[in-house]
Amino acid sequence: MLTYDPKKRITASEALEHPWMKEGGKASDKPIDNAVLIRMKQFRAMNKMKKLALKVIAENLSEEEIKGLKQMFNNMDTDRSGTITYDELKSGLSKLGSKLSEVEIKQLMEAADVDNNGTIDYHEFITATINRHKLERDENLFKAFQYFDKDNSGYITRDELRQALTEYQMGDEEAIDEVINDVDTDNDGKLITRSLWP
């Protein structure tokens, strides 16, 4: 773990398996939990366009990159339905030592529930809780841009964004129009060019 040469260091998942990182034979969840809660709060403050871009990226991450979060999702999804309900989120956060109020838990639930169906699915959970540095690497941002830029024109059009927002069920027509109008500030129909992508 303390090797100077980064190429010779163990991976993050290997580090979690190291005896120094384990308590009673299992890797401790405690250091990760506060970070996850902070990420969920940050995610709550994002606009829908950014949430959608992050969801596209999260869906393309490797199992290795999301290993710990997958386990956390499975721990919260107590009925094994593949989604986390409000009660499961509340119970899961409580088990992690969270002292959030009902209002704050409800806000987290609403923020992570990107498609507004009343539950948090696996990809929504990963999107809301993963370390932003993993999501915002250049190669991941480029993949997300390519997802939106269906015609490879170098910019995302209103129609391309509408198609993506509809596909991910990011709201009704009025909500989708609001997101598009927020992004297309100069009304030229070209919402975001590759050079302006985050």
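**Around Phe148**

Mentor: Start with Phe148: its relative accessible area is 0%, so it counts as buried (under 20%; exposed is over 50%, partly exposed in between, with a 1.4 Å probe and protein chains only). Keep in mind that this is a predicted model: local features need pLDDT of at least 70, side-chain atom pairs count only at pLDDT 80 or more, and totals for chains, interfaces and linings use all residues. Numbering runs from 1 along each chain as its sequence is written, and side-chain values use heavy atoms, with hydrogens and water left out.

Now the helices (DSSP runs of H or I, at least four residues, numbered from the N terminus). Helix α3 (residues 48–58) packs on helix α9 (residues 138–148) at about 110°, with axes 9 Å apart; axes are lines fitted to C-alpha atoms over the stretch in contact, and angles run from 0 to 180 degrees between N-to-C directions. So α3 is roughly perpendicular to α9 (65 to 115 degrees).

Who's touching whom? On the α3 side you've got Met49, Leu52, Ala53, Val56 and Ile57, and they meet Asn140, Leu141, Ala144, Tyr147 and Phe148 of α9 (contact means heavy atoms within 4.5 Å). Those residues split into 9 nonpolar, 1 polar and no charged; Ala, Val, Leu, Ile, Met, Phe, Trp, Tyr, Cys and Pro count as nonpolar, Asp, Glu, Lys and Arg as charged, and the others, Gly among them, as polar.

One last thing about Tyr147: the charged end of Lys150 sits over its ring, 3.9 Å from the centre (NZ of Lys or CZ of Arg within 6 Å of the ring centre and within 35 degrees of the ring normal).

Note on methods: Helix = DSSP H or I, 4+ residues; strand = E, 2+ residues; numbered from the N terminus. Parallel < 35°, antiparallel > 145°, perpendicular 65-115°, else oblique.
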